[in-house]
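Subject: Structure for you to look at, with notes

Dear colleague,

Please find the structure below, followed by my notes on what was found in it.

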Amino acid sequence: MKFFIDTANLSEIQEAQDLGVLDGVTTNPSLMAKEGIKGTDAVMAHYKAICAIVDGDVSAEVIATDYAGMIREGEALAALDDKIVVKIPMIRDGVKAIKYFSDQGIRTNCTLVFSAGQAILAAKAGASYVSPFVGRLDDVSQDGLALIAQITEIYGNFGFHTEVLAASVRHVMHLVECAEIGADVVTCPLSVITGLLNHPLTDIGLAKFLSDYQKNNG
Ligand code: G3P
């Protein structure tokens with residue numbers, strides 16, 4: 001299972017890259033706003049900075065919601081770097097844009113997916129990734145992980161090449177259960193990735209080993 005970090009924060013991306021387990025980055029307009037990145041030139045420069053850090057795919061989201069606008073923005077984003085994957089919302093013109101980009105050999109990530117039907121449509125259009133939002137479904141009392149399992153099964157039935165990218169992954173157990181289900185990718189904050197390190201018995205065990213070493217070696 002690939003690990004993507006869901007942030008536009010360059011320090012966090014660098015930290016995850018340095019840990020040696022990072023496979024890519026996902027961003028969205030909210031995450032760019034959180035970093036104070038505004039204006040087309042600054043946004044483009046920021047994507048280039050992200051691509052310079054990470055050794056893997058970088059999802060960059062279009063702002064337009066009409067077909068022509070999405071094509072224009074997506075082509076400009078894709079031209080920035082081979083690592084760029086154009087992120088397109090699951091709307092009617094978005095599906096058409098995904099099909100266009102797929103025909104052009106430009107990779108896409110279909111975002112804001114909340115149902116199996118939407119995921120089937122994204123795969124039929126040729127999306128490289130589909131992003132179901134686990135945490136946001138949990139927020140409204142629907143089982144986000146059940147959707148990941150359902151999409152994974154459906155894609156397996158038909159051999160779709162679209163990768164299931166579990167998004168809105170909020171905590172360690174989301175990530176572990178995505179791994180059990182067989183999601184292709186999870187994207188999550190740095191805290192979820194580093195949270196995988198934690199177990200009190202590891203800390204207790206290491207302290208004991210070190211204190212026994214000190215006693216034995218003076
Ligand atoms: O990848 C989508 C993600 O950014 C949404 O996460 O926690 O805002 O639902 P969240």
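**Overall picture**

Of the 218 residues of the chain, 45% count as buried, where buried means under 20% relative accessible area, exposed means over 50%, and partly exposed lies in between, with a 1.4 Å probe and protein chains only. Please keep in mind that this is a predicted model, in which local features need pLDDT of at least 70 and side-chain atom pairs count only at pLDDT 80 or more, while totals for chains, interfaces and linings use all residues. Residues are numbered from 1 along each chain as its sequence is written, and side-chain values use heavy atoms, with hydrogens and water left out.

The chain has 11 helices and eight strands; helices (H or I, at least four residues) and strands (E, at least two) are DSSP runs, numbered from the N terminus. Taken along the principal axes, the box that the C-alpha atoms fill is roughly 75 × 40 × 30 Å. If we take the contacts with a separation of 6 or more, 56% of them are between residues 24 or more positions apart, a contact being heavy atoms within 4.5 Å.

**Salt bridges**

The structure holds seven salt bridges, each being a side-chain nitrogen of Lys or Arg within 4 Å of a carboxyl oxygen of Asp or Glu. One of them joins Glu-163 and Lys-2, whose closest N and O atoms are 3.1 Å apart. Glu-163 lies in strand 7 (residues 163-166) and Lys-2 in strand 1 (residues 2-6), so this pair ties together parts that are 161 residues apart in sequence. Glu-163 counts as partly exposed, at 22% relative accessibility, and Lys-2 counts as partly exposed at 26%.

The closest N and O atoms of Asp-103 and Lys-99 are 3.0 Å apart; Asp-103 counts as exposed at 52% relative accessibility, whereas Lys-99, at 42%, counts as partly exposed.

In helix 11 (residues 200-217), Lys-215 and Asp-212 are three residues apart, and they form a salt bridge with their closest N and O atoms 3.5 Å apart. Lys-215 is exposed, at 64% relative accessibility, while Asp-212 is partly exposed at 30%. What network do these residues belong to? Lys-208, Asp-212 and Lys-215 are linked in a network of salt bridges.

**A loop residue**

Leu-196 is placed in the loop between helix 10 (190-195) and helix 11, and at 35% relative accessibility Leu-196 counts as partly exposed. Which residues does Leu-196 touch, not counting those up to four places away in sequence? With those set aside, Leu-196 touches Phe-3, Val-172, Leu-175 and Val-176. Leu-196 and His-171 are 25 residues apart along the chain, and their C-alpha atoms are separated by 9.4 Å.

Best wishes
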